[in-house]
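Hi,

Here's the structure I said I'd pass along. Have a look, and then I'll run through what turned up.

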Amino acid sequence: TGRPTQRLSLLLLLLWPGPLATPGMEDAAFPHLGESSQPPPRACPPRCSCPRADTVDCNGLDLQVFPDNITRAAQHLSLQNNQLQELPYNELSRLSRLRTLNLHNNLISSEGLPDEAFESLTQLQHIYVAHNRLSVAPQFLPRSLRVADLAANQVMEIFPLTFGEKPALRSVYLHNNQLNNAGLPPDAFRGSEAIATLSLSSNRLSYLPPSLPPSLERLHLQNNLISKVPRGALSRQTQLRELYLQHNQLTDNGLDATTFSKLHSLEYLDLSHNQLATVPAGLPRTLAVLHLGRNRIRRVEAARLRGVRRLRYLLLQHNELGSSGLPAGALRPLRGLHTLHLYGNGLDRVPLALPRRLHALVLPHNHVAALGARDLTSTPGLAELNLAYNRLASARVHRRAFRRLRSLRSLDLAGNQLTRLPTGLPTGLRALRLQRNQLRVLEPEPLASLDQLRELSLAHNRLRVGDIGPGTWHELQALQVRDRLVSHAVPTPLPPAKFFPTPSPCPH
């Protein structure tokens, strides 16, 4: 009797309709008739991608028309790398939640960008319109803006509310345009007291614009036509750390002793590729890098450098420094100087009384013809010495010229007139470059103690195999570069393999 009872119970369970359904108690996990178990498709313009509900990406689709069907919830819209020529106001105005609008690299002209285009975008924080065809900037950009990039257009004019009255604005990029001073109003940045980065490089400015934001930390003005910095133009920028003024037309008359004196945070100053004849006066004491290359400087006065004791890098390459261009002790105030670049001047000797802590002296392409016993004694910490392409002859290189340089790791004497290896080389030397000299003999004695030498360049000399003394390579156990040891200019049979042990692989 038990089995019929069990079967009846099972049948009743299968047929029992369960509790009566009440409104609001439908099983949400179970699809109703005609519905799919997948979520409804997210609205997205054709061919674009919408990885999130607030992001629409239409990058690189060769679009010629602003896409429709963009969700009103969009906060990030990318339309870069297309062929858009205009932004329709009615389409843009409905996207009031936009925070990022990327229009980089299109064909948008100022006529295609209506003045009221951004009025409804009250939450916009980042706008990128670089590499388009704008001739004037938008008259109004939203107050909420943080980053504005209008670089690489043809902008000749901006307006007071383009970048003014933007309390959250941090970065403005206007480089590679056609702005002159008339197109930059005095109140261009009024009410935008948080701008830290301003790029105005590669425009047509003839003097440094007044009324720049006092909050600036980085100011790019290179590649303009600037011949003058008006008095007081940089008097409020006490937070400025980097100032780029290279490739302009600055002369000594365009600067004065107060030009840089109020920049109490300045660390990097680039004045290269101008027409300066002297080192500027009034340099701030915080300066770490001073780039004065490719000017017309004939003499460096110690008085001009006395206030920049923290300077680490001084670049004076390609100036007109002659035999009296760097008087003895002229650089002595720079006690912390790490690197001194003097490439391409007319110096006939190594400057005397250089800062004691100097790490790198770069002096190629000058007229240095001799190295005395005491010429390098003031820089015992020197690790890199480059005297390539000067006029050094072996007879005028003192045998003790390098004796104090115990920290020297790299010595470049290429392109001189040496006929033999210098003696007394520091034992810690790792790179020795002597290519393009007149070497006729290679003896083991000058190399005997160089057990850390890894690179030895001797190409384009007058060495033959028979000129290399026996045992020359015996002590050079660390040597890695062997493909340039003998000049290819003199055809000779290859030496025995014992002279050239198999090189170890060099890491790339």
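So, which residues form a positive surface patch? That would be Arg 356, Arg 374, Arg 399, Arg 400, Arg 403, Arg 404 and Arg 406. Keep in mind that this is a predicted model.

Take Arg 403 as one of that group. You'll find Arg 403 in the loop between β16 (384-386) and β17 (410-412). Its relative accessible area is 32%, so Arg 403 comes out as partly exposed.

Tyr 389 isn't a glycine, yet its phi is positive, at about 55°. With a relative accessible area of 35%, Tyr 389 is partly exposed.

The other one is Arg 294, also a non-glycine with a positive phi of about 55°. Look for Arg 294 in the loop between β12 (289-291) and α4 (302-305). Arg 294 has 41% relative accessibility, so it counts as partly exposed.

Last, a charge to check. Asp 412, in strand β17, is buried but has no salt bridge. The nearest side chain of opposite charge is Arg 433, 4.6 Å away. What does the side chain of Asp 412 have 3.1 Å from one of its polar atoms? The backbone nitrogen of Ala 414.

Cheers

Conventions
Residues numbered from 1 in each chain as written. Predicted model: local features only at pLDDT ≥ 70, side-chain atom pairs only at ≥ 80, totals over all residues. Heavy atoms only, no water. Patch = residues over 30% accessible without salt bridge, like charges linked within 9 Å, V, L, I, M, F, W, Y side chains within 5 Å. Areas by Shrake-Rupley, 256 points an atom, 1.4 Å probe, with all protein chains shown as cover. Salt bridge = Lys/Arg side-chain N within 4 Å of Asp/Glu carboxyl O. Lys, Arg positive; Asp, Glu negative; His and termini not counted. Charge placed at Lys NZ, Arg CZ, Asp CG, Glu CD. Helix = DSSP H or I, 4+ residues; strand = E, 2+ residues; numbered from the N terminus. Buried < 20%, exposed > 50% of the residue type's maximum accessible area, 1.4 Å probe, protein only. Polar contact = N/O pair within 3.5 Å; in protein donor to acceptor, adjacent residues only side chain to side chain.
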